Amino acid sequence: MTMRALVVSALLQRAAAYVFCCYQAWGNDDTTGCAGYPNSHKGGLCNTDYGRSCNSDQECPEKPVPRAPPGQWYADLPNVLVFSPGDPTVQGRVNGVFAEMQNAQFGYKRYALLFTSGHYKSLEVPVGYYTSVLGVGRSPRDVVVDHFSSMDAGEGGATQVFWRSVEGLTTTAKTVTYAASQACPIRRSVVQGDLWLSEDGPPHWSSGGFMADVQVNGTVFAGTQQQYFFRNSEFRAFDYSIGGWNFVSAGVHGVPKQSATGKRFEVTTVESVPLVAGKPYLTEADGEWSITVPPWRTTSRGSLAYHEPEKSIAMADVFVAKPGHDAAAINTGCWGKKALLLTPAVYRLSGPIRVDQADFVILGIGFPTLVTTGGMAAMEVTADGVRIAGVLFEAGTPVSSQTTSAMLHWMGNDGLASDIFSRVGAFSGSPAGSCSRTRADVHVQIDGKGVILDNTWFWHADHDDCGGFHPSASDSCYSGNGLRVNGDDVTVYGLAVEHTMENQVEWRGEAGRVYFFQSELPYADEAYGQQERSGYSVDYSVRKHTAYGLGVYIVSAFTPLMVDSAIRAPPSAQITNALAWSNGGSVAQFTHGVICTSPGTSNCIRGNLCGRDACYLHTLEWFV
């Protein structure tokens, strides 16, 4: 008799009055008993490490959770869950996090689920709010699951499905559904079947989205998506939605060059990406952890997920920020280090995190949230070559305060910002005070040269958990510009700015490039259309500016907002496929059309494909 059998026999003799619970993963065939305990049944003890006794009237005790090895960077971080394929608790723990985060749109818990290399067979990974799902193998093919998923969240379908992410996974299911909107990126992943970007058909509306370095061996179905941006990816086929308005791809195989629908300018296809580097990411091999930094690539097409990294930063060279750390602790901790890992938490900052070391890397996992207070920036970048990824900035300065600094102020050159999000609003759980009214005069300001932003959403809340949806408590908060660019040669891949009170985007630097823009104007502010405000404003003195797929929207169900035009830019700007859309209203709410090319309204262009509620401008140079 084996030692394991001897242990089982002894336990059975000592517990004659008890039945035993075990996990289906260990093969017991008796599926009765142990009420209320998922994935368990009585009648035998399949695994002496996890099985425990209970009498017939009791529920089984909780499965013991594997502990982090002593000394690991995540050992004292309960919101960082690290899984391995042989762990029978994985599905239950994943489900537990999702149950907590499924409806937590304005909650302040944060989670990172890290999957080490291996095949997880039938594992299903539902993704809730403020949850990062991360395969930490060197390649996306190192971590295999059945599927990940994101679904509708109540009324409005997936239009309020925000703040979640998936990276570094391969899925084996025939169909994966990822219904989501802004701030929900998919990166460095392989979907072996079809990928749906919404649940199927009305009323499952969705308003995304972003993916990069993704391979889909089946068909990508846009479903009900209004807009989407795709970068450096590979699809076998693509099915665009007839309900969509603005789909932009750059460096993607398998997308059509133009729309087959009546909205022939809803699709913008750019053959290659001029310059980009992938988002830094965590990797684990044989218990050793590091941050992998992808290389820069020029004129790229297709997934970059398999390129050799530029460098790998060992955890000994990384400061790990944890709940309770403030700016002073983080700044001190980063001295002499090469990187900062922001773990899942809400960080209340009375001063800025200062990034003054060249080539420094900041990686956030689990949507770490930096809450600014006292009118100061949450983060200031003064060094060159800095990379920042996976951070949510939130205003915590009272609205009655004087002018505030930008929440993220970037002054260094040649940097990369990946998955950078911000918000201003009144939220019941805010560290600034429950439902307190806050302000940020600028969400993100870029003064450095050659900075690249790769996936953004800068949001002034149009709904909250303090007043609901129009009117909301956040209507009394203040946002100025979502993005202000003063530096030259700045590029943005995937730009979204919504509901701020000044120009959503204000661009003053030369040689800027934008690939995809989505903006919803602040329909709670009927005076917004005064003083020539617009969704996208390029200073008339700028000589060179290039943009693809610009979409500016008015939601007309609440207020009859009127603006001169969706865009203001000089006639020298090279703009392809710009859209002004009144959702539920009339395109006449853009009183002078899609774009005005000088102050006032004497040089404005209505567009060259217009309907009742929208106008497209195919190219600006066709008119000037």
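Me: In this predicted model, what share of the contacts between residues at least 6 apart in sequence join residues at least 24 apart?
Reply: The model is predicted. The count takes contacts in the chain between residues at least 6 apart in sequence. Of these, the share that joins residues at least 24 apart is 60%.

Me: How many strands does the chain have, and how many helices?
Reply: The secondary structure of the chain includes 52 strands. Helices are also present, and they number three.

Me: What percentage of the residues in the chain is buried?
Reply: The chain has 624 residues. A residue counts as buried when its relative accessible area is under 20%. The buried share of the chain is 62%.

Me: Arg 187 forms a salt bridge with Asp 454; how many residues apart are they?
Reply: The closest N and O atoms of Arg 187 and Asp 454 are 3.1 Å apart. Arg 187 sits in strand E14 (residues 186–191) and Asp 454 in strand E38 (residues 452–460), so the pair, by the strand numbering, links distant parts of the chain. Both residues are buried.

Me: Are Lys 279 and Asp 419 buried or exposed?
Reply: The side chains of Lys 279 and Asp 419 form a salt bridge, at 3.0 Å from N to O. Lys 279 is in the loop between strands E21 (273–277) and E22 (281–285), while Asp 419 is in strand E36 (residues 416–424), 140 residues apart from Lys 279. As for accessibility, Lys 279 and Asp 419 are buried.

Me: Which residues are linked with Arg 187 and Lys 279 in a network of salt bridges?
Reply: The structure holds 21 salt bridges. One network of salt bridges includes Arg 187 and Lys 279.

Me: Why does Glu 532 count as partly exposed?
Reply: Glu 532 forms a salt bridge with Arg 568, with the closest N and O atoms 3.7 Å apart. Glu 532 lies in the loop between strands E44 (512–520) and E45 (536–538) and Arg 568 in strand E47 (residues 567–568), so the bridge ties together parts 36 residues apart in sequence. Arg 568 counts as buried because its relative accessibility is 3%. Glu 532 counts as partly exposed because its relative accessibility is 30%.

Me: What is the volume of the largest cavity?
Reply: A search of the whole structure finds four cavities of 30 Å³ or more. The space in the largest cavity is about 150 Å³.

Me: Which strand gives the most residues to the lining of the largest cavity?
Reply: The lining has 21 residues, and those nearest the centre of the cavity are Leu 134, Glu 167, Lys 279, Gly 364 and Ile 365. At least two residues each come from E8, E11 (164–167), E22, E30 (361–364), E33 (387–395) and E36. With three residues, the strand that gives the most is E8.

Me: How many residues of that lining are charged?
Reply: The lining of the largest cavity includes 11 nonpolar residues and six polar ones. The charged residues number four.

Note on methods. Residues numbered from 1 in each chain as written. Predicted model: local features only at pLDDT ≥ 70, side-chain atom pairs only at ≥ 80, totals over all residues. Heavy atoms only, no water. Salt bridge = Lys/Arg side-chain N within 4 Å of Asp/Glu carboxyl O. Helix = DSSP H or I, 4+ residues; strand = E, 2+ residues; numbered from the N terminus. Buried < 20%, exposed > 50% of the residue type's maximum accessible area, 1.4 Å probe, protein only. 1 Å grid on protein atoms, 1.4 Å probe; cavity = no way out; pocket = protein on both sides within 12 Å on 5 of 7 lines; lining within 4 Å. Points joined across faces, edges and corners; volume = space filled by probe spheres on them. Nonpolar A, V, L, I, M, F, W, Y, C, P; charged D, E, K, R; others polar. Contact = heavy atoms within 4.5 Å.
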